Amino acid sequence: MGEKHINVFETAQKQVKQACDKLGTDPAVYEILKNPMRVLEVAVPVKMDDGTVKSFIGYRAQHNDAIGPFKGGIRFHPDVNLDEVKALSTWMTFKCGVVGVPYGGGKGGITVNPSELSQGELERLSRGFTRAIAPIIGEKVDIPAPDVNTNGQIMAWMVDEYHKATGDFQPGVLTGKPVSFYGSLARTEATGYGVAIMARDAAKKINLPLEEATVALQGFGNVGSYAALYIAEMGAKVVAVSDASGCIINKNGLDVPALAEYVKEHKIVKDFPGAEEVIDRNEVFALNVDILMPCALENQITAENAVNIKAKIISEGANGPTTLDADKILDERGIVVVPDILANAGGVTVSYFEWVQNLMRYSWTFEEVQEKQSQLMEKAFNEIWALKEEHGVNMRVAAYMMSIKRVADAMKLRGWY
Ligand SMILES: NC(=O)C1=CN([C@@H]2O[C@H](COP(=O)(O)OP(=O)(O)OC[C@H]3O[C@@H](n4cnc5c(N)ncnc54)[C@H](OP(=O)(O)O)[C@@H]3O)[C@@H](O)[C@H]2O)C=CC1
Ligand SMILES: O=C(O)CCC(=O)C(=O)O
């Protein structure tokens, strides 16, 4: 499934335009925000294990830094392309604005299937990409982090390579690092934890007791696995989980910690012994559940499958999982969508805490970090819910309205328009 032909950068631009129109902002605001301020495309030659050299294309998009340094992950995936990176950097600007962390938006990626690389090739590619983007990143300038198929080890290599390339040891130049190397406790869990908190808050608003709620997730990587673990811990029943291999079901509830252990070892969900049934991965959205958590990639909830959705709440773990047409259908059908720029903002929120700890050379406990994260996200949720009620818009439009106003105010004060 997934409508790859839908251009996600055009989606991002339309989302921004819609909220600018609703706010009645000065035309200059959309004129500035419709494109990233800077985009760098690089070709990274890598010596492969067989002695050949392969050149990989990568990007770093810097959307807007009116509020603070550019911030956003780096994705390694075969579908990475310029428009995708531009869209993801746009979404980052407004995600940071929603939770009020002092950053603008950035995003990077390399067009590569990392599962085809050896560990040595992966390291050389990560280091080569860091050297290529080193001139435009920095602890106070642009701070990358993990995204799809990147992790703490890759962030640690990148900090090391940045140090070698610049002679400047800046552990805060990347976040999402291993805890034993300037990482923050609770960063690995943060995005999924936030997705679960946002689903819980939405359930409260529509009087859906979590203990009676059923949940289905698309994607069981970093975001999906922790979203599932936390929503189960909060009392809901996770009945379905999909990944690229298929969708597993247990109507009595999957044992999520056991599934997480299983996937660590076997990589795929399909053969998990605790499943009652395995269905096609594309059927996950049509299941009879109360809460859906898309935690994979863009353009997954489409006009075609949105009509079959039975859930009352969608908490978007992925960036851009819902197409514009699908959004309209979900809205008309009264389904509460907690938009990506709020639902998955836990990652960048705790990245911010990691960066603050790096700059202070100090560390907080796991509980302190999670407490700070939930406070920021719940505050944002309540503000957005109130705005949605006040203006009669959905949560996505309300989230953009709140965030655009913050960015626009900063741009105005800086004299950009
Ligand atoms: N990591 C973070 O902190 C943040 C991530 N996000 C967003 O969350 C999403 C997921 O990221 P993350 O968890 O880090 O990435 P991971 O690489 O850890 O996991 C991605 C998951 O999506 C699955 N997947 C891919 N295609 C499909 C499909 N067609 N159907 C079902 N499952 C599929 C993968 O399955 P398989 O392994 O079988 O390929 C895997 O389980 C992305 O949109 C990312 O931008 C947002 C905020 C922060
Ligand atoms: O942790 C971060 O800085 C950014 C994470 C990210 O890429 C995202 O929120 O999409």
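Two residues are in contact if their C-beta atoms, placed from the backbone, lie within 7 Å. Residues are numbered from 1 along each chain as its sequence is written, while chains are lettered from A and ligands numbered from 1 in the order in which they are written. This is a predicted model, in which local features need pLDDT of at least 70, side-chain atom pairs count only at pLDDT 80 or more, and totals for chains, interfaces and linings use all residues.

Helices (H or I, at least four residues) and strands (E, at least two) are DSSP runs, numbered from the N terminus. The buried residues of α5 pack against α4 (119-133) and β5 (142-146); they are Ile154, Met155, Ala156, Met158, Val159 and Tyr162, where buried requires 20 or more other C-beta atoms within 10 Å of a residue's own, C-beta atoms being placed from the backbone. Gly167, with a positive phi near 75°, follows α5.

According to UniProt (an unreviewed entry), the annotation "binding site" covers Lys71, Lys95 and Ser351. Although these positions are spread over 281 residues of sequence, they cluster in space, with a largest C-alpha distance of 12.7 Å.

| Residue | Other C-beta atoms within 10 Å |
|---|---|
| Lys71 | 30 atoms |
| Lys95 | 29 atoms |

Lys71 is placed in strand β3, and Lys95 in helix α3 (residues 82-99). Not counting residues up to four places away in sequence, Lys95 touches Ile341, Ala345 and Val348, whereas the contacts of Lys71 include Val348 and Ser351.

Definitions and conventions:
A residue is buried if 20 or more other C-beta atoms lie within 10 Å of its own, exposed if 12 or fewer, and partly exposed in between; C-beta atoms are placed from the backbone. UniProt positions are given in the numbering used here, feature names are shortened, and annotations may be inferred rather than shown by experiment.
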